[in-house]
Amino acid sequence: MEELYKFIEEKIVAAGYNGPVSGQEIYEEISDEIEEKENGSYIFMSKKEDDVFFEYQIDVMDDNFNLSYIDINTAQGKMHVDFDEK
């Protein structure tokens, strides 16, 4: 799992976000949000600081989920992190 957490963090930093970020916290937050959700696509928002919020697009499947993207909204603008991009 550590590799997955690090991957999430690296993608976010590469998109230009320089605030605090934890791949493990993001993964756990998503896991909590999708618990008992039906299969489908969802958008979740998470406030990180007073002027920063993350918007997650997640596809929920029977036994797992796919994090498609995170839009990071800050006072300076929006950063898009695409996890489906190869």
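Colleague: How many salt bridges does the count come to?
Modeller: This is a predicted model, in which local features need pLDDT of at least 70 and side-chain atom pairs count only at pLDDT 80 or more, while totals for chains, interfaces and linings use all residues. Residues are numbered from 1 along each chain as its sequence is written, and side-chain values use heavy atoms, with hydrogens and water left out. With a salt bridge defined as a side-chain nitrogen of Lys or Arg within 4 Å of a carboxyl oxygen of Asp or Glu, the count comes to three.

Colleague: In which helix do E10 and K6 both lie?
Modeller: The side chains of E10 and K6 meet in a salt bridge, with an N to O distance of 3.7 Å. The two residues are four places apart, about one turn of the helix. Helices (H or I, at least four residues) and strands (E, at least two) are DSSP runs numbered from the N terminus, and the element that holds both E10 and K6 is helix α1.

Colleague: Which parts of the chain does the pair of K48 and E29 link?
Modeller: K48 forms a salt bridge with E29, the closest N and O atoms being 3.0 Å apart. The residues are 19 places apart and belong to distant parts of the chain, with K48 in strand β1 and E29 in helix α2 (residues 23-34).

Colleague: Which side chain is joined to that of S46 by a polar contact of 2.6 Å?
Modeller: S46 is found in strand β1 and counts as buried, because its relative accessibility is 7%. A polar contact is a pair of N or O atoms within 3.5 Å; within protein, one must be able to donate a hydrogen and the other to accept it, and residues adjacent in sequence count only if both atoms are side-chain atoms. The side chain of K48 lies at 3.4 Å from that of S46 by this rule, and the contact of 2.6 Å is with E29.

Colleague: How far apart in space are D50 and T74, C-alpha to C-alpha?
Modeller: D50 lies in the loop between β1 (40-49) and β2 (52-60), and counts as exposed because its relative accessibility is 76%. D50 and T74 are 24 residues apart in sequence, and their C-alpha to C-alpha distance is 9.2 Å.

Notes. Buried means under 20% relative accessible area, exposed over 50%, partly exposed in between (1.4 Å probe, protein chains only).
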